[in-house]
Amino acid sequence: MSISVFCLSCANVFKVNEAKAGKVVPCPKCGKMVRVSALPPVEAKPGPSLVHRFFQWIFNVVFFSVLAYLFYEGGFIGILCSWFQNIRHFLFG
Ligand SMILES: [Zn+2]
């Protein structure tokens, strides 16, 4: 497989080996150095296995449970309590 390279200096189009992807090669016509475009991702990687996805799911459930707990129990209620304490001092001395 080869990559088409367009020379900006002489508008020459030539092909180079894909091993040259992302490298700078001399134009065979005018000798100017031309950068070869990097190869696009060749093939999609196979998805994670079922076991992997299961552990990912477990991790997500635990992670978001902890997050929700921290937000509601620690964060939200905590903010509400401190806010109420301030208001109470302000209102009732
Ligand atoms: Zn050229």
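Two strands are taken to pair if DSSP finds at least two bridges between them, and helices (H or I, at least four residues) and strands (E, at least two) are DSSP runs, numbered from the N terminus. The structure described here is a predicted model, in which local features need pLDDT of at least 70 and side-chain atom pairs count only at pLDDT 80 or more, whereas totals for chains, interfaces and linings use all residues. Residues are numbered from 1 along each chain as its sequence is written.

The chain has one helix and four strands, and these elements follow the order β-β-β-β-α along the sequence. The predictor's confidence in each residue, expressed as pLDDT from 0 to 100, averages 84 over the chain, with 88% of the residues scoring at least 70.

Burial was assigned from C-beta atoms placed from the backbone, a residue being buried if 20 or more other C-beta atoms lie within 10 Å of its own, exposed if 12 or fewer, and partly exposed in between. By this criterion, buried residues make up 1% of the 93 residues in the chain. Contacts were assigned to pairs of residues whose C-beta atoms, placed from the backbone, lie within 7 Å; of the contacts between residues at least 6 apart in sequence, 11% join residues at least 24 apart.

Strand β1 (residues 2–6) includes Ser4, and this strand lies largely in the open because the number of buried residues among its five is zero. Ser4 itself counts as exposed because it has 10 C-beta neighbours inside 10 Å. Strand β1 pairs with strand β2 (residues 13–17) in the antiparallel sense over five bridges, and within this pairing Lys15 of β2 is the bridge partner of Ser4. When residues up to four places away in sequence are not counted, Ser4 touches Val13 as well as Lys15. The C-alpha atom of Ser4 is separated by 8.7 Å from that of Ser37, a residue 33 places apart from Ser4 along the chain.

The hairpin of β1 and β2 has six residues between the strands, and Ala11 is located in this loop. Most residues other than glycine have a negative phi. Ala11, by contrast, takes a positive phi near 60° although the residue is not glycine. Ala11 is also exposed, since 9 other C-beta atoms are found within 10 Å.

Conventions:
Two residues are in contact if their C-beta atoms, placed from the backbone, lie within 7 Å.
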